[in-house]
Amino acid sequence: MNLALWIVTGLLATVMLIGGATKLFVPKEKLAATAHGGWTDDFGVGFVKTLGAVELLAAVGIVLPAVVGIAPVMVPVTAVCWVLLMIGAMITHLRRHERTPVAANLLYLAMAAFVAWGRFGPETFTG
């Protein structure tokens, strides 16, 4: 179980890192031109950049506390926050009638829920 949780955590951290870096460093106009990037038209540049920064922080928060052994409870807390973020992403894409991103967001939500459940429950870091 611990291995499965680490694998899912690593995959989520990768998604968070790539998504966050893209939102933070790629100009909003380029993001809007990509497939399913039209949602950025509904938000200001500041919001998109802030969302990118939050995603980068989530990538750190879902891995680093467990690795260094400082406040490992932040791992499942970050996973819960990611679930909430994915709910918001799904609502945004559903309003735009974009089904493919909703499916991806649902997958990420399920992965984060698994990590939260596992790290709050049977495989906590506190032993």
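Helices here are DSSP runs of H or I with at least four residues, numbered from the N terminus. The expected span of a helix is 1.5 Å times one less than its number of residues.

Good morning. The model before you is predicted: local features need pLDDT of at least 70, side-chain atom pairs count only at pLDDT 80 or more, and totals for chains, interfaces and linings use all residues. Residues are numbered from 1 along each chain as its sequence is written, and side-chain values use heavy atoms, with hydrogens and water left out.

I begin with helix H3. H3 covers residues 45–61, 17 residues in total. From first C-alpha to last it reaches 24 Å, close to the 24 Å expected. Its buried residues (under 20% relative accessible area, with a 1.4 Å probe and protein chains only) are Val48, Leu51, Gly52, Glu55, Ala58, Ala59 and Gly61. These pack (contact means heavy atoms within 4.5 Å) against helices H1 (2–25), H2 (28–33), H4 (64–68) and H5 (74–95).

Next, the aromatic residues. The structure holds three aromatic pairs, where rings of Phe, Tyr and Trp (its six-membered ring) pair if their centres lie within 6.5 Å. Phenylalanine 43 and phenylalanine 47 have ring centres 4.6 Å apart and planes at 20°, so they are stacked, a class that requires planes under 30 degrees apart.

I turn to the interior. A nonpolar core is a set of buried Ala, Val, Leu, Ile, Met, Phe, Trp, Tyr and Cys residues joined through side-chain atoms within 4.5 Å. The largest one has 21 residues, and Trp82 is among those with the most contacts inside it. Two or more residues come from each of H1, H3, H5 and H6 (99–120), and H5 gives the most, with seven.

Which residues does tryptophan 82 touch, not counting residues up to four places away in sequence? They are Leu12, Val15, Met16, Glu55, Ala58, Tyr108 and Ala112.

Finally, helix H5 itself. Its 22 residues should span 32 Å, and its end C-alpha atoms are 31 Å apart, which agrees. Among its buried residues are Val75, Ala79, Trp82, Met86 and His93. The cover over the buried residues of H5 includes H1, H3, H4 and H6. After H5 comes histidine 97, with a positive phi near 60°.

Conventions
Buried means under 20% relative accessible area, exposed over 50%, partly exposed in between (1.4 Å probe, protein chains only). Rings of Phe, Tyr and Trp (its six-membered ring) pair if their centres lie within 6.5 Å; planes under 30 degrees apart count as stacked, over 60 as edge-to-face and the rest as tilted.
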